[in-house]
Amino acid sequence: MNSKITYTDEPMELGQVVKDFLPPPDQLVPKGKTKTTQVTLESTEESVTFFKSQAARKQIP
């Protein structure tokens, strides 16, 4: 516990690069008929516009 820490000028290797294993967002949304539930919430007009544009871009109804 009382030993002195000796620092060096060597580069540190903290980890390794891992291949991206997550699917893109458009593969996470099921296509076709799914059971839906209506939810009422309040949001800003800016948020609604953003989500509508993203849905149109990903062709999500």
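Mentor: Start with the exposure classes: buried is under 20% relative accessible area, exposed is over 50%, and partly exposed is in between, using a 1.4 Å probe and protein chains only. Keep in mind that this is a predicted model, where local features need pLDDT of at least 70, side-chain atom pairs count only at pLDDT 80 or more, and totals for chains, interfaces and linings use all residues. Residues are numbered from 1 along each chain as its sequence is written, and side-chain values use heavy atoms, with hydrogens and water left out.

Trainee: Why does Phe51 count as exposed?
Mentor: Its relative accessibility is 57%, so Phe51 falls in the exposed class. Phe50 has 46%, so that one is partly exposed.

Trainee: What makes Phe50 and Phe51 an aromatic pair?
Mentor: Rings of Phe, Tyr and Trp (its six-membered ring) pair if their centres lie within 6.5 Å; planes under 30 degrees apart are stacked, over 60 edge-to-face, and the rest tilted. A search of the whole structure turns up one such pair. For Phe50 and Phe51 the centres are 5.2 Å apart and the planes make 70 degrees, hence edge-to-face.

Trainee: How many helices and strands does the protein chain have, and what makes a helix here?
Mentor: There are two helices and zero strands.

Trainee: Which class does Ile60 get, and where is it?
Mentor: Ile60 is also in the segment after helix 2, and its 32% makes it partly exposed. Pro30, in the loop between helix 1 (25–28) and helix 2, is exposed at 56%. Pro30 and Ile60 are 30 residues apart in sequence, and 9.4 Å apart in space, C-alpha to C-alpha.

Trainee: How does the radius of gyration of the protein chain sit against a compact globule?
Mentor: The radius is taken over C-alpha atoms, and the globule rule is 2.2 Å times the number of residues to the power 0.38. For 61 residues a compact globule would be near 10 Å, but the protein chain has 24 Å. The C-alpha trace spans about 65 × 30 × 20 Å along its principal axes, and 0% of the 61 residues count as buried.

Key: Helices (H or I, at least four residues) and strands (E, at least two) are DSSP runs, numbered from the N terminus.
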